[in-house]
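This briefing goes through chain contacts, helix packing and individual residues in turn. Please keep the sequence and the structure open while reading.

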Amino acid sequence: MHEIVNNSPRWPATNANASRLEHLSASVNWTAAILILVLALVPMAASAIGELYYVTLMTRALIFALAAVGLNLVLGYGGLVSFGHSVYLGIGVYTVGIMMDHGITNAWLQLAAALLIGTIVAGVIGALSLRVKGVGFIMITLAFAQLLYFFCVGLRDYGGDDGFSLNGYSDFGLFQLGDNNTLYYAVLAVLAFTLLWVSRLISARFGMVIQGCKSNERRMVALGFPVFRYQWAAYVLSALICVVAGFFIVNLTRYVSPAYMQWTVSGELIVMVVVGGIATIVGPVIGAIAIVLFEEFASHAAFGLPGNADAFIHEHWLGALGVVILIVALCLKQGLYGSLFKRSARRA
Amino acid sequence: MLTWNVLLMQVLNGLQWGLLLFLLSAGLTLVFGIMNFVNLTHGSLYMMGGYFGAYAYGQTHSFWLACMVAVVGAAIVGVLLDRLVAASLYSRDHLDQVLATFGLILIFNELVRIVWGGNTSVVNPPEMLTGSVEIFGLRYPLYRLMIIVVGLLVSGLLYFIIHRTRIGMLIRAGATNTKMVSALGVNIKRLNLIVFAAGALLAGLAGVLNAPISAIQPGMGEPILILALVVIVTGGIGSIKGAFYGALLIGMADMVGRAFLPIAMTEFFGRAAAQLTGPAIASMGIYLLMAIVLIARPQGLFGGRHA
């Protein structure tokens, strides 16, 4: 078995020109560009076949894709298994929800507040969690996520356990997120920008260092890198991407609820990253789309199976998801994108 | 408000809850210690214990038979789990283990829904344990007292096995240096199978013991799994001693916190503020405790190699 190319730290070539060329080619990811272009056609295709519901569905998929791309930064490139990234979705959701509840609909203000709170929370959680290595990190991030989950459940004024629904939309001044297509393109634009940014970040010095820590942290420390600071920064950045995803998802569902912060959401985000292809640029996007579509398909689609099999699958689709996850974990180490594209590309 | 009786009641409840958590954490921490394996399905084994018990109880109306069935059933599920899935994950990294066992949780929950439906099942405590008993002037439910006694007995038994028998010595050695023990000719896979099965057995026992107190329903394993994870992180991952003291600490903090933090909040901040934040703070208490422990000692209270 070969290692995924991105897994191993590639040090900049000694020749400055060669290095610059490599960076340029690395920062324009053609697969990602094609994927974004295809996704841009979705609203038109949906209106052509008269199924506008698909726009909402794909918006949901892309929002989770955004969150998965964020998680991939620490999980894939940093090798840090965070089991608590649903918290940051929740921070986006609750900040927007609470501000909206008090009549602040300005999206810029909402985003700024959400990112500020996200930075503080991720800063504290990251600084504490990164003290613990390996499996402890998994458990401690999960525990902190539970802590904030219960905090939000305890917000009696803001719906407590049940949550509350929103009346307004986030207003960017130039455009509002009320219209389905506007929301879709806004999410897509942010996703495209994030993919470009992440791919540049990963091939920059910063990305090299966090990938180096994944390969051999002790060696990085010996080389004199302030490993903790790099990992901390990566953790906060990845959290902030999830905060933005939370900002969008509350505009999509228009419902604020602690359900976004449940630990299973963190698990699903990990699943999306791994199913798509860990430590690849477009892998998390493909994984998120695959999982969201699978959920929709397995819980609603008519398979035309005999007897009550359809209803049975619709009711127990989570079990089917479990089987898929198990198979991916046991057999498909490189995920969908990694297995299908990377391997054929290497052969060519 | 803050009377001696209330305090004693909460301390006993905390002890009972802590010992129950220890039953779960013991297997979790040992499997991790030996095989470096993150087993999220441990909560599902607890759930299976509850369901096996409820099924047997529904058939026979005998609590003791329900306990037997739950313990044996959970152990069998544990052995199957180890052989069919977990064994192929031991050499993989933690991410794969987390992912596979997360998938297994979903599968277990749906299996339970398919077989027993989504409703809650009931197990009643046996006739002889329905009453209450007077301790220092406090009437305490006999059943909860029984859980405390069973928990202490199991803890004592575990202590004896781990510190005084050959297999216990191997387990301790395995948790300290797996490769060395393996090189000395011990079949480490079989050792782990034993630990895995024993852990499943204890999880099943916890599931059926807690059944008369809380509801049996699909997904009941997850909240307690997370508590068990908090316990072993606080106590020190891989350490059975850490799991014991961690479980008592967390169990006590959970119960006492739930009972007294809202009261304390009312004293200091007034009723309105306490009602708003009290319940939330109470649920958060154990996580704050864990955070404080980890700030002081990142490896946990009794942590060793894996910290």
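Leaving aside its neighbours within four places in sequence, which residues is B:G285 in contact with? They are B:A253, B:D254, B:G257 and B:L261. The model is a predicted one, and the points below are grouped by topic.

**The surroundings of B:G285**
- B:G285 is placed in helix α11 of chain B, which covers residues 271–296.
- Because B:G285 has 20 C-beta neighbours inside 10 Å, and 20 or more is what burial requires, B:G285 counts as buried.
- Between B:G285 and B:F52 there are 233 residues in sequence, and the C-alpha to C-alpha separation in space is 33 Å.

**Make-up of chain A**
- Chain A contains 15 helices and two strands, and 48% of its 348 residues count as buried.

**The contact between chains A and B**
- Chain A contributes 37 residues to the contact, and chain B contributes 38 residues.
- On the side of chain A that touches chain B, at least two residues each come from α7 (135–153), α11 (263–276) and α14 (317–330) of chain A, and the largest share, 13 residues, belongs to α7(A).
- Sorted by class, this side of chain A has 26 nonpolar residues, eight polar residues and three charged residues.

**Helices α9 and α10 of chain A**
- The axes of helix α9 (residues 205–222) and helix α10 (residues 227–253) of chain A come within 10 Å and cross at roughly 140°, and α9(A) and α10(A) are therefore oblique to each other.
- The crossing in which α9(A) passes α10(A) is left-handed.
- From α9(A), the residues that make the contact include A:F206, A:V209 and A:I210, while those from α10(A) are A:V227, A:Y230, A:Q231 and A:A234.
- The contact of α9(A) with α10(A) has nine nonpolar residues, one polar residue and one charged residue.

**Helices α3 and α8 of chain B**
- In chain B, helix α3 (residues 63–84) packs with helix α8 (residues 188–210) at an angle of about 145°, and their axes are 7 Å apart.
- The crossing of α3(B) and α8(B) is right-handed.
- Residues of α3(B) in this contact include B:G73, B:A74 and B:G78, and those of α8(B) include B:G199, B:A200, B:G204 and B:G207.
- By class, the residues of the contact of α3(B) with α8(B) divide into 16 nonpolar, five polar and one charged.

**The largest nonpolar core**
- The largest nonpolar core holds 216 residues, and the members that touch the most other members are A:A65, A:L66, A:A67, A:A143, B:A74 and B:V230.
- A:A67, one of these residues, is in contact with A:H85, A:L89, A:I241, A:C242, A:A245 and A:L269 once its neighbours within four places in sequence are left aside.
- B:A74, which is also listed among those core residues, belongs to the part of α3(B) that makes the contact with α8(B).

**A loop residue in chain A**
- A:L174 lies in the loop between β1 (164–165) and α8 (180–203) of chain A.
- Is A:L174 buried or exposed? A:L174 counts as exposed because it has 6 C-beta neighbours inside 10 Å, where 12 or fewer is the condition for exposure.
- A:L174 and A:V271 are 97 residues apart in sequence, and their C-alpha atoms are 36 Å apart in space.

Key: Residues are numbered from 1 along each chain as its sequence is written. Chains are lettered from A and ligands numbered from 1 in the order in which they are written. This is a predicted model: local features need pLDDT of at least 70, side-chain atom pairs count only at pLDDT 80 or more; totals for chains, interfaces and linings use all residues. Two residues are in contact if their C-beta atoms, placed from the backbone, lie within 7 Å. Helices (H or I, at least four residues) and strands (E, at least two) are DSSP runs, numbered from the N terminus. Ala, Val, Leu, Ile, Met, Phe, Trp, Tyr, Cys and Pro count as nonpolar, Asp, Glu, Lys and Arg as charged, and the others, Gly among them, as polar. Axes are lines fitted to C-alpha atoms, for helices over the stretch in contact, and angles run from 0 to 180 degrees between N-to-C directions. Angles under 35 degrees count as roughly parallel, over 145 as roughly antiparallel, 65 to 115 as roughly perpendicular and the rest as oblique. A crossing is left-handed if the near helix is turned anticlockwise from the far one by less than a right angle, and right-handed if clockwise. A nonpolar core is a set of buried Ala, Val, Leu, Ile, Met, Phe, Trp, Tyr and Cys residues joined through C-beta atoms within 7 Å.
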